[in-house]
Amino acid sequence: MYRVDYFAGVINTLVMIFVNIAIWKAIYEADDNLGGVQLKVVMTYIALAFLMQCIFVMEDYFIESKVTSGLISSDLLKPISFRAYVFSYNVGSSVFRVLMQLLPTLVISIFLFKLLPPFSTEMGILFFFSAVLGYLVLYCLNFIVWMSSFWFYYTFSLVTIKDALVMVLSGALIPLWFLPQWLFNFVKLTPFESIFFTPISIYLGQVPAADIKTAIIKQVAWIVVLALAGHLLWNAAKHKLVLQGG
Amino acid sequence: MEHKKFSKLELLKLSLKYSKLNLKCTLEYKFDRFFTTLAVFVREMVSIAVMYLILTRVISIKGWQMNEMFFLYSFLFLSYCIFIFLFTGIRDFDNMVYTGELDRYLIRPLGLLYQVISARVDYCATIGHGAVGVILFLSTYNSVGIDWNFRNIVYYILALLGGVIIQTSLFMVSSCFSFWAVRTTNLRNLIFFNSRRFAGYPISFYPGIVQKMLIFAVPFAFVSYFPSEYFLHKPDLSVFWHGCLYLTPVVGIIMFTLVYIFWRLGLKSYSSSGNSMY
Amino acid sequence: MSLIEVRDLTKDYRLNVKKRGLLGAVQSLLVPEYKLKRAVDNINFSIEKGEMVGFIGPNGAGKSTTVKMLTGILSPTSGSIMMGGLSPHKDRKKNASRIGAVFGQRTQLWWDLPVADTYDLLRYIYRIPEKKFEQNMEMFNDLLGIQEFMSQPVRQLSLGQRMRADIAAALLHDPEIVFFDEPTIGLDVVAKEKIREFIKKINAEKNTTMLFTTHDMLDIEKTCKRMIIIDQGTIIYNGTVEQIKERYGRSRTLVAEFAQKLDRIDLPAGVELIDQKDNKKYLKFNRDEIQVSGLIAELTSKYNILDLTVTEPEVEAIIREIYEGGIDFDKGISGDSKKSLSEQYCVPC
Ligand SMILES: Nc1ncnc2c1ncn2[C@@H]1O[C@H](COP(=O)(O)OP(=O)(O)OP(=O)(O)O)[C@@H](O)[C@H]1O
Ligand SMILES: [Mg+2]
């Protein structure tokens, strides 16, 4: 049954790319150089965004289920650190997705959608690096949301609202350069930009070479800040667990 | 005890009773359910927000303006909201089979489908989707240039109900598979919610194959596109047969009839095999 | 004609033969391959109005399957069930208002709501007249004490409380026939006793016909006069509880406490020493072959004995022996025990 789900995931990603590209084609019918960006670039952006999304999937209710079932107490006693366990679990399943979902989808999309190659080889390498950082930003952000399960019984609402914000603000569905200026300025102050938009912009050569360093430093900075916040929450959660006896 | 058939009125009263109990359940966890509703609302607003962001930038796509697109989208949300309000049980059917709730319904002196439908109401989803639909409708019904005369109002209501039946039938197909202990929920959600998302845009935006899919396979075109074209008469309608504008209720009824036959078949199979996979 | 008539009832389940791999999954979806599993194999029995019958058998014997067919949830593969002129499956809705069912493993109560809400709903579903509803509520409260947790959400009830509430829910509409599938599962001794008392009382007062499955022989001994034993889908015993003791409980154990510890004693042929503790010796014999009085006389003449007790085997032990295949029914009573018993028995209790 699992295998069917992976297979369905491949189809899903392809269809999403296909349909979103169709919408963008319709948009470009009236103006073939919208805001100085060519249709081809937008098409590649959309495809990359959905391809990345199919790996940036994390187990949002893993910690919640541990907390509600009370298994967390016994997990904490195990010699391996619980946080390392959760992290490796998610990374492991993402790596698995790279093999099972991303590779087939990528091969098919290259043929189907005529994706642009990276702007340059160098940008290609930097894209890969930046995408890994984007994954970590999302992971740290998610971890903070997951931690809330120590205080709230159900985290469905928070997780869903988080997902919604990530979808709109991180450039997963729409290239951020099409956003109104005020909103774009605001997004630049948040970690969302670092998740999908920064890596894809680097791939497309939309970030001037001089600014790439800043963009990547910004990603790292967000990882540090979010990880720190997650760490503090984790300590508070452990404290709470001890007080209540699990 | 002598068994008399239940009258329509009695069944209606009983349904109300069920909805009241469901409301009571929802209110048991007021705080949590409030945030769930909010989350559903926010989640559904994502596609609206993306549409809004694109259209503030490009003003119109293929001659469709923002208020017209939102009007089209409102059909999807309003009909889904009614569907959930009336037929939550059909959405959750596989769960009823899995937990054995279905067996419990079978030892009661009431129809099975009636009980499946009445037994559950997901108020969170109803309000979450409904709120998006109402906001979209209220902000556009006046500005898209519709003369809300009697004829149009009747058309609107019939189209909306047709849309409800179409979505009910789509969900019910997947429910029927549960009778054979085949789980199709994931696949169903994938097909249903993606198609629904596409149907948020006029189908003329898509290549022919997607259009055909949305007309013949997962007929969401009759839920949103054709009903809104009836009111808006955009030039892109010219490639489709004009009769499609009036077909929504017909498509709904045909689909439901076919699915109901499938359902009877499934029930027959269930009573000979039980909930074996689970 | 009895109230419930079961004739040549058979139930086959179809088991999907799952193939491995993706290709296999597609293949079994398109051309499913089945294996038949016979859960109930050609059984016959009848139950009179007002009778209380225990329905027992080892795990997987086909009890729940039979109860599901009797309640109309499943259709028989072949054979027939007649319940006062109705077929539970074909006339499901009509029949449903006359029956009640308790499935101990599941609940029919609304999980997040107080019990009272489910009762109120059932009142509408079964169209119970107000007066009868109140009378029954009062009676159930007296016997089961449901009032004390009436306003608590079901999820907060203990298993025993929940079971009591569930039983009351199944009996609220005064069904003519009630099926219990393991109503005492997981309950403590006191709770079990309470439920047995209740069931007996309802049976006596309302003349309700009852069939219940359980793994606790005490349930059967205390409530039912008759029991049906099913194993691997076939009925292997159908008769009174007394009769089974009479027929198969032939072994007796004599516990003798001697004045001093003896290393060995002389025993007549047919008597077996099965255990010893301190000065006590446990002697097993067949009451058909050896007379107790004779054995006692013999022992007392030879040894100095302080105390003597004779014990019969518990029904539980007999049943265990039956399940394990120690008692062979076909040779036990007559060559055709299955049929003859179900026909010979027709006295309502
Ligand atoms: N839905 C089903 N599909 C396939 N086989 C089934 C199904 N339900 C039961 N069986 C099989 O039928 C046989 C009888 O099962 P049943 O549940 O009737 O036993 P039971 O006597 O109630 O056992 P227990 O005491 O464990 O409750 C078992 O071998 C079981 O595996
Ligand atoms: Mg059973």
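Predicted model: local features only at pLDDT ≥ 70, side-chain atom pairs only at ≥ 80, totals over all residues.

Trainee: Which element supplies the largest share of the shell around ligand 1?

Mentor: Ligand 1 lies between chains B and C. Strand E1 (4–16), strand E2 (34–47) and helix H2 (63–71) of chain C each give at least two residues to the shell. The largest share, 3 residues, comes from H2(C).

Trainee: How much of the area that ligand 1 exposes when taken alone is buried by the protein?

Mentor: An oxygen atom of ligand 1 is 3.2 Å from a polar backbone atom of C:Ala61, while a polar side-chain atom of C:Lys63 lies 2.7 Å from an oxygen atom of the ligand. An N or O atom in the side chain of C:Ser64 is also 2.7 Å from a ligand oxygen atom. Taken alone, ligand 1 exposes 630 Å², and the share of this buried by the protein is 74%.

Trainee: How many residues of the shell around ligand 1 are polar?

Mentor: The shell has 16 residues, and among those that come nearest are C:Gly60, C:Thr65 and C:His215. By class, 5 residues are nonpolar and 3 are charged, and the number of polar residues is 8.

Trainee: Which residue of chain C meets B:Lys17 in a salt bridge?

Mentor: The pair crosses between chains, from helix H1 (residues 8–28) of chain B to helix H4 (residues 115–125) of chain C. B:Lys17 is buried, because its relative accessible area of 15% is under the 20% limit. The N to O distance is 2.7 Å, and the partner is C:Asp120.

Trainee: How many residues apart in sequence are the parts tied together by B:Arg120 and B:Asp92?

Mentor: The side chains of these two residues meet in a salt bridge at 3.2 Å, N to O. Both B:Arg120 and B:Asp92 are buried. B:Arg120 lies in the loop between helices H6 and H7 of chain B and B:Asp92 in the loop between helices H3 and H4, so the parts tied together are apart in sequence by 28 residues.

Trainee: Is B:Ile261 buried, partly exposed or exposed?

Mentor: B:Ile261 lies in helix H12 (residues 248–273) of chain B. With B:Val250, B:Ile254, B:Leu258 and B:Leu265, B:Ile261 makes a nonpolar surface patch of about 470 Å². Exposed would require over 50%; at 49% relative accessibility, B:Ile261 therefore counts as partly exposed.

Technical notes: Residues numbered from 1 in each chain as written. Chains lettered and ligands numbered in written order. Heavy atoms only, no water. Near = heavy atom within 4 Å. Polar contact = N/O pair within 3.5 Å; in protein donor to acceptor, adjacent residues only side chain to side chain. Areas by Shrake-Rupley, 256 points an atom, 1.4 Å probe, with all protein chains shown as cover. Helix = DSSP H or I, 4+ residues; strand = E, 2+ residues; numbered from the N terminus. Nonpolar A, V, L, I, M, F, W, Y, C, P; charged D, E, K, R; others polar. Patch = residues over 30% accessible without salt bridge, like charges linked within 9 Å, V, L, I, M, F, W, Y side chains within 5 Å. Salt bridge = Lys/Arg side-chain N within 4 Å of Asp/Glu carboxyl O. Buried < 20%, exposed > 50% of the residue type's maximum accessible area, 1.4 Å probe, protein only.
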